[in-house]
Amino acid sequence: MSVSIVKRERTGVINPIFNCQPCGAQYASIGVKDCIALVHGGQGCCTFVRLMFAQHYKENFDIASSSLHEDAAVFGGVQRIEDGVETLINRYPDLKVLPIITTCSTETIGDDIEGTIRKIKMAWKKKHPDCEVKLIPMHTPSYTGSQVSGYDVGVLSFVTELAKKTKPNNKLNIFTGWINPGDVTEIKGILAQMDVEGNILMDVETFDAPIMPDKSALAYGNTTIEDIADSANSLGSIAVCKYEGGSAATFLEEEFEVPAVLDAMPVGIANTDKFIENISKLTGKEVPESLVAERGRAIDAMADLAHMFFANKKVAIYGDPDLVMGLADFCIECELEPVLLLLGDDNKKYAKDPRITELEKRANCDIEVVCNSDLWELEKRIKNEGLKLDLIMGHSKGRYIAVDNNIPMVRVGFPTFDRAGLWKHPLVGYKGAEFLAETIANTLFTDMEYKHNKEWILNVW
């Protein structure tokens, strides 16, 4: 079986898979405690991103905007940065870190972010002599890259500015990437079973915010600036998602000699095996029997479904590159056939990713990988090129393709706003593999019932 890599041939983008770079930097920022990002651009660069976060998590997040207007295109917008920073430090006394995230407009007009930060710090000596808020520049023009690279830039900016070598902490850095609270909980569970203390960067577990008796309900990041600073003193770093946090892990290795592992996202059995093996190698900890039992339960769940219900079912997958490649591996493990993989930005590294070469060795079907893709590539292949699919896997923005073409769909990735509570459940780890297998099966079962397609199989005694 072969894996072919192609690029979108059209210049224009129709129904993009990803959001822009500032979106990714904002997601990295809300994962940090006592942090409010200032998005330097038009109001919409902040408002629409916050809306997506709210749709996905059903929570509210604090993100500020410099709210540029037309005059900034002529006179520049640095005064809006100064006003925004002043407002935030006056209004939020607990604020500890304030990223300044650029957008396409402010990068185009050439606002000097670093120079403005130096100017603000000089003014603080008189106005706010006790102010210790960290100002961190994040350059994320939205005319290149995507939310994926924006997140990577955001995490790298935090680590570059804050990481400091002191004394060994015997912890393991886990750069989570763009994953859900349920995934973070699962990773913490794996570390706890292995008796490993993790330094979670960025910790979004607390996005699953409770409503308390005092009626408070605020989602916040759980990674502190002290955690980021201490990342330079850890035993090693593992980037759960190579393209979302991998640059920060590499920086720590090059700057502070903290070993970095950039491997497959732990989706499915084999990839989770690698993840646990990497933890063991970096920490010297043994793999406990409890994880072996979890692995066995996941394999049992997959085996119950694979041959009878999954075999030869053709699947298209789109979304974040690390997740897409992990899901493709998982599909092959379950006898599903991932015939089409769509990666949605202009990162040229995707085509040379060794995981695609490894995928070809295990492939149970011919696989087409489309780089710099959009969702029209999926729709075109279905409507115009006769691609027959049994399942689509991706975030909610592809729902109309599934609905219009009567193809069952499993929601994975960001954003998923048309299904309840998916962000509470893991996709990573052995528990994630079990959840994925059962979710795919139940989606196919429902489709069989609606279409009266071999539904008698479900009634076998």
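Me: How many cavities of 30 Å³ or more does the structure hold?
Reply: This is a predicted model, in which local features need pLDDT of at least 70, side-chain atom pairs count only at pLDDT 80 or more, and totals for chains, interfaces and linings use all residues. Residues are numbered from 1 along each chain as its sequence is written, and side-chain values use heavy atoms, with hydrogens and water left out. A cavity is a set of points, on a 1 Å grid over the protein atoms alone, where a 1.4 Å probe fits but cannot get out. At 30 Å³ or more, the number of cavities is 1.

Me: What volume does the largest cavity have?
Reply: Grid points are joined across faces, edges and corners, and the volume is the space filled by probe spheres set on the points. For the largest cavity this volume is about 130 Å³.

Me: Where does the largest cavity lie?
Reply: Its lining (residues with an atom within 4 Å of a point) comprises 13 residues, with W178, I179, L323, G413 and F414 nearest the centre. The domain bounds come from an automatic or database domain assignment. Because both domains give residues to the lining, the largest cavity lies between domain 1 (3–14 + 290–457) and domain 3 (172–287).

Me: What area do domain 1 and domain 2 bury between them?
Reply: Contact (heavy atoms within 4.5 Å) joins 9 residues of domain 1 to 8 residues of domain 2. Buried area is the accessible area (1.4 Å probe) that two parts lose on being put together, summed over both. Of the area between these two domains, 63% is on carbon and sulfur atoms, and the total is about 790 Å².

Key: On a 1 Å grid over the protein atoms alone, a cavity is a set of points where a 1.4 Å probe fits but cannot get out, and a pocket is an open set with protein on both sides within 12 Å along at least five of seven lines; lining residues have an atom within 4 Å of a point.
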